Amino acid sequence: MPKARIVVVEDEPAIRRGVSDALRLTGYEVTEAPDGAVGLVEASAGGIDLVLLDLLLPRRDGLEVLAELRKVHPTRPVIILTARGGEEDRVRGLKMGADDYVVKPFSAKELLARVEAVLRRTMKAAPTIVAVKIGKGTVDLQRREIRWSAQERTDLSETEAAVLKYLIENRERAVPREELLGRVWGIGTAGLETRAVDMHVARLRAKLKDPTGDDHGEAIVTVRATGYMAGPGLTIKEG
Ligand code: CA
């Protein structure tokens with residue numbers, strides 16, 4: 001099983017740290033969020049396998065975070081962390097699609113058991129991408145090239161391949177420019193502008209046309225006011 005990436009949304013610093021440390025010690029990759037607003041951003045990011053979500057949170061309530069998250073990731077696993085007596089919220093959370101809940105105070109052992117159980121159910125089901133094609137061309141992200149025929153191929157830069165890979169991995173949704181900046185360039189958005197993303201996508205689009213100039217109905221689609229999305233020109237085979 002690949003290393004799972006978990007987001008911990010919890011405003012109580014001691015609990016957040018305790019939970020995060022326990023998860024890291026077990027080998028998970030953890031992102032911490034101290035309130036609902038940050039939590040929603042982190043929980044919505046690409047490549048997240050599980051969200052641990054407190055319900056009473058500053059800035060945005062946990063159930064609100066869950067509702068928003070469900071709009072972009074209908075099946076992303078969520079375990080609710082609730083206070084004793086919060087039965088009503090717990091039930092609402094489960095009805096909104098949370099996978100499980102843990103009642104505070106909980107032991108690290110109990111939490112880890114729940115985390116493991118949810119991941120065992122959900123990670124196995126995640127399909128892996130076995131091939132990506134554009135018309136007759138084959139996209140090889142490892143080698144960073146597109147092979148059109150035995151003679152013809154197009155090389156992709158490291159950044160272009162990373163952008164394409166990220167869009168393919170998140171093909172079920174539109175990816176905001178800011179997210180691409182953060183995830184592909186691996187830095188905060190402060191120094192770089194989203195224009196840089198547009199520039200790279202433009203270059204990538206040109207390369208995604210086969211030798212006859214056909215992009216087979218758009219390999220990368222622009223989503224107005226948001227960003228980009230893997231388009232119908234890409235045929236993605238899962239196995
Ligand atoms: Ca709280």
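This is a predicted model: local features need pLDDT of at least 70, side-chain atom pairs count only at pLDDT 80 or more; totals for chains, interfaces and linings use all residues.
Student: Got it. So where does Met 96 lie?
Tutor: Met 96 sits in the loop that runs between helix H4 (87-95) and strand E5 (100-104).

Student: And is Met 96 buried, exposed or partly exposed?
Tutor: Met 96 has a relative accessible area of 26%, so it is partly exposed; buried would mean under 20% and exposed over 50%.

Student: Which residues does Met 96 touch, skipping those up to four places away in sequence?
Tutor: Leu 63, Leu 66, Ala 67 and Arg 70.

Student: Those numbers make me think of H3. Which residues of H2 and H3 make the contact between the two helices?
Tutor: First the geometry: the axes of H2 (residues 36-44) and H3 (residues 62-72) come within 10 Å and cross at roughly 25 degrees. That angle is under 35 degrees, so H2 and H3 are roughly parallel to each other. On the H2 side the contact is made by Gly 36, Leu 40, Ala 43 and Ser 44, and on the H3 side by Val 65, Glu 68, Leu 69 and Val 72.

Student: How do the residues of that contact divide into nonpolar, polar and charged?
Tutor: Five are nonpolar, two polar and one charged.

Student: Switching topic: which residues touch the most other members of the largest nonpolar core?
Tutor: Leu 164, Leu 180, Leu 208 and Leu 234, in a core of 25 residues. Strands E6 (129-134) and E12 (227-230) and helices H6 (158-169), H7 (177-184) and H8 (194-207) each supply at least two residues. H6 gives the largest share, six residues.

Student: What is Leu 180 in contact with, beyond its neighbours within four places in sequence?
Tutor: Val 163, Tyr 166, Leu 167, Val 175, Trp 185, Val 197 and Tyr 228. There is also a second, separate core of 19 residues, with Val 19, Phe 106, Leu 111 and Leu 112 among them.

Student: Now the backbone. Which residues does the cis peptide bond join?
Tutor: Lys 104 and Pro 105, with omega about -5 degrees. Pro 105 is in the loop between E5 and helix H5 (108-125).

Student: And what is phi for Arg 59 and for Ala 225?
Tutor: Phi is near 70 degrees for Arg 59 and about 65 degrees for Ala 225. Most residues other than glycine have a negative phi.

Student: Are they buried or exposed?
Tutor: Arg 59 counts as exposed at 64% relative accessibility, and Ala 225 is exposed with a relative accessible area of 83%.

Methods. Residues are numbered from 1 along each chain as its sequence is written. Side-chain values use heavy atoms; hydrogens and water are left out. A nonpolar core is a set of buried Ala, Val, Leu, Ile, Met, Phe, Trp, Tyr and Cys residues joined through side-chain atoms within 4.5 Å. Buried means under 20% relative accessible area, exposed over 50%, partly exposed in between (1.4 Å probe, protein chains only). Helices (H or I, at least four residues) and strands (E, at least two) are DSSP runs, numbered from the N terminus. Contact means heavy atoms within 4.5 Å. Axes are lines fitted to C-alpha atoms, for helices over the stretch in contact, and angles run from 0 to 180 degrees between N-to-C directions. Angles under 35 degrees count as roughly parallel, over 145 as roughly antiparallel, 65 to 115 as roughly perpendicular and the rest as oblique. Ala, Val, Leu, Ile, Met, Phe, Trp, Tyr, Cys and Pro count as nonpolar, Asp, Glu, Lys and Arg as charged, and the others, Gly among them, as polar.
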